[in-house]
Amino acid sequence: MVTRQRGRPRSFDRLTALEQATMAFWEHGYETTSVADLTRVMGISAPSLYSAFGDKRTLFEEVVETYAGSYGSYGERAFTEEPTARAAVGRLLRESAELYTEPGHPRGCLMISAAVNCSTPEVEEALRARREANLTAFEARIRRDVESGELTPGTDARALARFSGAVLQGMSQQARDGATREDLAAVAEWAMRSWPAAAPEDAQEQAPRKGQEKAPEKAPEKAPETPAGRGA
């Protein structure tokens with residue numbers, strides 16, 4: 001009987017090592033975090049890193065996915081739970097002020113700061129695509145509010161979405177420069193004051209809902225012709 005020799009059991013906790021890699025990339029960015037840095041903070045050898053996570057880029061991709069589902073998940077919750085774009089973006093900015101400055105992890109946003117001075121095209125493009133996807137989601141939500149009458153007609157959804165994204169990215173950088181939670185919370189409040197005013201309630205009631213567009217009014221009936229002249 002031939003018995004298969006089992007591989008050497010892994011001598012480290014994968015989730016713990018992944019968290020430590022997240023902290024390293026979050027603090028130093030993708031480009032300046034070397035494999036040697038990673039093996040040191042993760043407490044594993046280079047062969048173990050490659051065996052468990054693949055190369056540095058593959059590890060970073062997993063870090064980004066994990067970050068999006070943990071530290072960065074508050075943004076998706078805001079847009080899922082809040083009834084309007086204004087409420088969702090306001091909540092996102094206020095909670096960002098807390099996350100970007102809370103102790104226990106690096107400051108700012110990993111997806112923003114990790115891309116700074118990145119010269120690896122695939123990594124840079126992947127992070128840019130995520131940020132652009134967020135802006136697209138902002139814009140779609142704003143357009144929906146304009147269509148429903150929540151926001152005034154003529155609101156530039158694209159510009160407002162990019163303004164909100166610029167504030168978010170600026171808050172991340174200011175956090176890394178030492179801004180406090182109170183500093184960033186004030187930025188969030190001023191940013192929301194720049195939003196267009198909500199449409200009056202009567203205008204919201206009159207705005208046609210999607211799929212419930214107002215039927216065109218009937219043209220007035222043509223007056224009957226009279227001997228004195230047609231349509232008189």
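Biologist: If buried means under 20% relative accessible area, exposed over 50% and partly exposed in between (1.4 Å probe, protein chains only), which of these is Ala 159?

Modeller: Ala 159 is partly exposed, because its relative accessible area comes out at 40%. The model is predicted, so local features need pLDDT of at least 70 and side-chain atom pairs pLDDT 80 or more, while totals for chains use all residues. Numbering runs from 1 along each chain as its sequence is written, and side-chain values use heavy atoms, without hydrogens or water.

Biologist: And where is Ala 159 placed?

Modeller: Ala 159 sits in helix H9, a helix being a DSSP run of H or I with at least four residues, numbered from the N terminus, and a strand a run of E with at least two. Leu 135 is 24 residues away from Ala 159 in sequence, and the two C-alpha atoms are 10.0 Å apart in space.

Biologist: How many helices and strands does the protein have?

Modeller: The protein has 11 helices and zero strands, and reading along the sequence therefore gives α-α-α-α-α-α-α-α-α-α-α as the pattern. Of the 232 residues in the protein, 37% are buried.

Biologist: Back to H9, then. Which of its residues are buried?

Modeller: H9 covers residues 157–176, which is 20 residues. Its buried residues are Ala 157, Leu 160, Ala 161, Ser 164, Gly 165, Val 167, Leu 168, Met 171, Ser 172 and Ala 175. Looking down the axis of H9, these fall within an arc of 150° (taken from the directions from the helix axis to the C-beta atoms), so they line one face of the helix.

Biologist: Why would a spacing like that put residues on one side?

Modeller: An α-helix has 3.6 residues a turn, so residues three or four places apart point the same way.

Biologist: OK, what covers the buried residues of H9?

Modeller: The cover over the buried residues of H9 includes H6, helix H7 (110–113), helix H8 (121–148) and helix H10 (181–193), where contact means heavy atoms within 4.5 Å.

Biologist: What about just after H9, which residue takes a positive phi?

Modeller: That residue is Gly 178, whose phi is about 110°.

Biologist: Moving on to H10, which residues are buried there?

Modeller: H10 has 13 residues, and Leu 184, Ala 188, Ala 191 and Met 192 are buried in it. Those four cover an arc of only 95° around the axis, which puts them on the same side of H10.

Biologist: Which residues are exposed on the other side of H10?

Modeller: Trp 190 and Arg 193 are exposed on the other side of H10. For the buried residues of H10, the cover includes H6 and H9, and H10 in turn is among the elements that cover the buried residues of H9.

Biologist: H6 turns up again there. Where is Ser 96 found, and is it buried or exposed?

Modeller: Ser 96 is found in helix H6, which covers residues 85–99. Ser 96 counts as buried because its relative accessible area is 0%.

Biologist: And what does Ser 96 touch?

Modeller: Leaving out residues up to four places away in sequence, Ser 96 touches Tyr 74, Leu 168 and Met 171. Both Leu 168 and Met 171 are listed among the buried residues of H9.

Biologist: Last one: for contacts between residues at least 6 apart in sequence, how many join residues at least 24 apart?

Modeller: Of those contacts in the protein, 69% join residues at least 24 apart.

Conventions. The expected span of a helix is 1.5 Å times one less than its number of residues.
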